[in-house]
Amino acid sequence: MSVSRNRKVNFFEIINPEGCDRKFEEIMCDIMNIPLENRKHFQSGVDLDEYYVLSEFDKVDDSSNLYKGIFSKCSINSITASNEGKDELKESKIDEGYRPAHISHFIYSPSKRILSIESSQQAPKQPSLLRYCLYMQANILQRELIKFECYPIIDENIANIIRSANGVRAFEFSLSCDELTSIDKNGNWMGLISKLAGQVNAGKITLGFSGARKRGDMTEVISTEQLADEFDKGEFKHVTFGSLHAELIYDQQAIVVNLLQNKLKSDIQVPTADISNHSSDIFKQIIDRYEKNKKLLVPARRSQLEDLYGQN
């Protein structure tokens, strides 16, 4: 590769609706059978300068149960707006003068229903991919909607890490207002925050709570047991947070812990330019991270039962 940078592979569990008779990978393959000119989704609704497209989805190889995919956000004049590099854009020009401004590669395991996706800050992520899937079903395939859900796989040991501390000095999280409005948990603290977010014109909300009244104060804001219980109950599995941090007290010292950071080793090396010519290597890296983390990923899924339609 040329000059490269780190990107993190994030892991999600795809949940099929109860009674669903079609699988996620089947619908994605159906989408790929649609002509390219009909495979676009202008997710902003009125902005025709930008659309999303599934540009690849097929088996990794004949002997594999894994699928590989490329999901792109395409823009007019993106050669000047993109940070992915001019070489990539020159090599990847598509129809009508649009170019892929940002690209995400992903791997999907049907037998485990685990989606492994890498993306930069600006590249399309799993919520956009799910919205894209819904749009294609309803508007292009003309079918009854199958609303797949996508949950982040978070290390269950986070609760034990919290309990190992003497106290929680501060707690801070951020998430998008769109994410807040989609949460249906009436009466709890998330529901209250959602109502507050609806009163302002904000794209993201960040809240911080601190027990400290002055510098060096180690007053607790919440007990370790209370916060750990929230993780045990799965409270933080149902929301895609932008950040989630706690200052944990150890021997009168506060250490900031990223509560979304887990034991998964998922960094890969991605070139800063000409990404489209390196897709094969990027897929290999994602598969490697998935295989190395499988022993942690599979037990951490919400659905513990093995799928009946294949073994990976």
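Reader: What is the mean pLDDT?
Author: The mean is 77, and 71% of the residues reach 70 or more. pLDDT is the predictor's confidence in each residue, from 0 to 100.

Reader: Where is the pLDDT below 50?
Author: One such stretch is residues 78-95, with 51 contacts in the model beyond near neighbours in sequence. Another is residues 304-312, with 27 contacts counted beyond near neighbours. A contact means heavy atoms within 4.5 Å. Where pLDDT is low, the predicted coordinates should not be read in detail.

Reader: Switching to charges. How many salt bridges?
Author: The count is 12 salt bridges. The rule is a side-chain nitrogen of Lys or Arg within 4 Å of a carboxyl oxygen of Asp or Glu.

Reader: What does R22 pair with?
Author: R22 meets D30 in a salt bridge, 2.5 Å from N to O.

Reader: Buried or exposed, that D30?
Author: D30 is buried, because its relative accessibility is 18%. R22 is partly exposed at 28%. The cut-offs for relative accessible area are under 20% for buried, over 50% for exposed and in between for partly exposed (1.4 Å probe, protein chains only).

Reader: And R163, which partner does it have?
Author: R163 forms a salt bridge with D229, and their closest N and O atoms are 3.0 Å apart. The pair links distant parts of the chain: R163 is in helix α5 (residues 158-163), D229 is in helix α8 (residues 224-232), and they are 66 residues apart. Helices (H or I, at least four residues) and strands (E, at least two) are DSSP runs, numbered from the N terminus. R163 is partly exposed at 29%, and D229 is partly exposed at 31%.

Reader: Where do E291 and K294 lie?
Author: Both lie in helix α9 (residues 279-300), three residues apart, about one turn of the helix. Salt bridges that share partners join R22, D30 and R143 into one network. Back to E291 and K294: their closest N and O atoms are 3.2 Å apart in a salt bridge. E291 is partly exposed at 38%, while K294 is buried at 16%.

Reader: Back to α8. Which residues are buried there?
Author: T224, L227, A228, E230 and F231 are buried in α8. They sit on the same side of α8, because they cover an arc of only 150 degrees around the axis. That arc is taken from the directions from the helix axis to the C-beta atoms.

Reader: What does H41 contact?
Author: Leaving aside neighbours within four places in sequence, H41 is in contact with Y51, Y52, R131, Y132, Y135 and M136. H41 is in strand β2 (residues 40-41). H41 is buried at 10%.

Reader: Rings now. How many aromatic pairs?
Author: Seven aromatic pairs. One is F71 with Y132, edge-to-face, 5.2 Å centre to centre and 65 degrees between the planes. Rings of Phe, Tyr and Trp (its six-membered ring) pair if their centres lie within 6.5 Å; planes under 30 degrees apart are stacked, over 60 edge-to-face, the rest tilted.

Reader: Which rings make a cluster?
Author: Ring pairs link F24, Y108 and F148 into a cluster.

Conventions:
Residues are numbered from 1 along each chain as its sequence is written. This is a predicted model: local features need pLDDT of at least 70, side-chain atom pairs count only at pLDDT 80 or more; totals for chains, interfaces and linings use all residues. Side-chain values use heavy atoms; hydrogens and water are left out.
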